[in-house]
Every structure is written in C-alpha cells, then in structure tokens.
Amino acid sequence: MSTKQYQIPILVTGAAGRIGSVGRLVAELLLARGFRVRALVRVEDERASRLRGLGAEVVAGDLLDLMEVHRALEGCERVFFAMSVAPTYLEAAANVAVVAKHHAVKAFVNLSQMTVKEMDIFNTTSSPQQKQHWLAEQILSWSGLPVVEVRPTVFMEGLFLQSAKGISRQNRIFAPFGRGRNSAIAAVDVARTIAEILSEPAKHIGCAYHLTGPVSQDMDAVAREFSAALGRTITYIDIPFDNWTEQLAAFGMSPFVASHVATIAKLHGENRYDRYSDDVEVLTGRPPIGIREFVLQHASEFSPSPT
C-alpha cells in the first residue's frame, strides 16, 4: 500500500529522544516517506517543535497515564513502541499494549533488545531493564496483538558517544570489556529497519528481527577503526570492572540506569555480545554502517577541543 493510499497516522512513542533516539529517527523517516505521523513526546520543548515543523502531529503525554495513552493512540492502526531505560518501562509497555488491544491496532512494532533472545523463566540477567524487556515481550505475546519484535544489540551511541571525552582528550577508550567482541549498531540503522517494517507491516507480523552492525570485533579492532577514521592513534585500555562501575554515578546516571549499564559491561566481558545478523540488510536492502563510518559522522565529538 502506497503512502497516498495509507493516510492513517502512525503512532511513534519516544519521539523526542536525544542521543541515539530511535523514536525520533523513525518519525523523521516515516515523514520523509510521506506517511502521517503522530509523535508522542513527554514534554513540549524544542524537540517537539522540530517534529511539528517536519509535519508530525505532536501529542504530549505520559505513558503511565491510561487516558493519555488512549488520546495518543485513538485513530491509529500502526504503533511503534519504544521507551528509554526506566524503572517504569514495564508499566508503560503494559499500558500501551492494553490500549492498543482496545483500539484493535493492525501492527504493533516493539523495540526490545537482543539479550531477550537468551532469556526465559530460568535465565535472566542482573539488569532489571533487560528483565522488563523480556516480561514486556511475554505480555505482548499473550495479548494476541499483531506484534513485530525488533531486537537490536548494543548501540554505538551508548558504547562510544558516552565515552567521547576520554577519546578526544586522551586518545583512549577506557572500558572493562576484556577480549569480548561486539557488533554494535547505529541507531539510524535500527530506525531504518523499523520504518521499513511500519511502511508495510502485514508481512512482518509475528516475526522477531535481530539487528547488529556489519561485523563482530574486539575492542582493539574497534580502536583501530577509530584510528583510521580520526587520523590519529586511538588505543583501548581494559580497566577493572569495579573501578569503572564506581565512575557511573559521576556521569549522572541513576542507580537503575547504572545497574543496566554495568550489566551490559559484564556481559560484554563474558563475550555475550559476539553476535551477527544480516536482518538489517535483508529488510532494508542496505547494510548497516560500521564503526569507522559512525566515527566519521561524529568526528567532532571525538576530536580534541581547540586550545
């Protein structure tokens, strides 16, 4: 069905995020394709204004308020659900699911995470966020909704932009990842995949897609990619896990978010992120970007500040 034929708004939650916001990118990509987008944001600010300027119908609301979820979802047949790391994630997911069921949506695309693939009632992780993602998938499965699960691996934005200062000032990547490998993916590639699914969702209902970058490699190889992109030598420094986790609070992370990030680091050190899938290329016709291209796109953030 072409965009001219389909003019019912597509609901995109988490549409006003900042670093690595999949929701914002999905909204922009759908608008560029000519779809109507209803962008659910938490507050009215410059990000909401920008989406409105691009043509989105912007609705401010709280996913924890059922009536506000009703107001956002009413009249939509396709829904993209995404929410940042938060203790209230599971409640929000349940709220959106029950309201989507009430309104008989025809496609519910859920942004989960790849670690869920390895989880069951006997095997979870120490991250309460990852457990909530797994529980949310169970709820969606029981609901009978027409669900598409999208499970990306770790994001390049989370792994690298958060440590940009260490790279720009010291030419080093400090992390407790040991020899563990990862196939980190850029948010834009996750968003491209989701926009493709939402454009013609019927054939994807009931599927679970696993999204990774183009290659799995250890952090020394990652450092070489940084070096090639930036034109100067970047080295990886493996630091003790406990020392690294003590620094998380200094970054302004809440205990909940810090627990999630620490779990990711622990799993990385155990080589649990050594993954590869070609789902991005199969679904979109284009491979995901690699670390070198990602670094080039964000070169200013990894470059030394002018003296």
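Guide: An axis here is a line fitted to C-alpha atoms, for helices over the stretch in contact, and angles run from 0 to 180 degrees between N-to-C directions. Helices (H or I, at least four residues) and strands (E, at least two) are DSSP runs, numbered from the N terminus. The model is predicted: local features need pLDDT of at least 70, side-chain atom pairs count only at pLDDT 80 or more, and totals for chains, interfaces and linings use all residues. Residues are numbered from 1 along each chain as its sequence is written, and side-chain values use heavy atoms, with hydrogens and water left out.

Visitor: At what angle do helix 4 and helix 5 pack, and how far apart are their axes?

Guide: Helix 4 (residues 89-102) and helix 5 (residues 128-143) pack at about 15°, and their axes are 9 Å apart. Angles under 35 degrees count as roughly parallel, over 145 as roughly antiparallel, 65 to 115 as roughly perpendicular and the rest as oblique. Helix 4 and helix 5 are therefore roughly parallel to each other.

Visitor: Which residues of helix 4 and helix 5 make the contact?

Guide: Contact means heavy atoms within 4.5 Å. Helix 4 contributes Tyr 89, Leu 90, Ala 93, Ala 94, Ala 97 and Lys 101, while the residues from helix 5 include Gln 132, His 133, Ala 136 and Ile 139. For classes, Ala, Val, Leu, Ile, Met, Phe, Trp, Tyr, Cys and Pro count as nonpolar, Asp, Glu, Lys and Arg as charged, and the others, Gly among them, as polar. By this scheme the contact of helix 4 with helix 5 has 9 nonpolar, 4 polar and 1 charged residues.

Visitor: How do helix 5 and helix 11 cross, and which residues meet there?

Guide: The axes of helix 5 and helix 11 (residues 255-269) come within 7 Å and cross at roughly 90°, so the two helices are roughly perpendicular to each other. Pro 128, Gln 129, Gln 130 and Gln 132 of helix 5 meet residues of helix 11 including Phe 256, His 260 and Leu 267. The contact of helix 5 with helix 11 divides into 4 nonpolar, 6 polar and no charged residues.

Visitor: Which residues touch the most other members of the largest nonpolar core?

Guide: Buried means under 20% relative accessible area, exposed over 50%, and partly exposed in between (1.4 Å probe, protein chains only). A nonpolar core is a set of buried Ala, Val, Leu, Ile, Met, Phe, Trp, Tyr and Cys residues joined through side-chain atoms within 4.5 Å. In the largest core, of 37 residues, Val 22, Val 26, Leu 30, Phe 80 and Ile 194 touch the most other members. Helix 8 (residues 187-199) gives the most to this core, with 7 residues.

Visitor: Is Arg 192 buried or exposed?

Guide: Arg 192, in helix 8, counts as buried because its relative accessibility is 9%. Beyond its neighbours within four places in sequence, Arg 192 is in contact with Leu 29, Val 280, Thr 284, Arg 286, Pro 287 and Pro 288.
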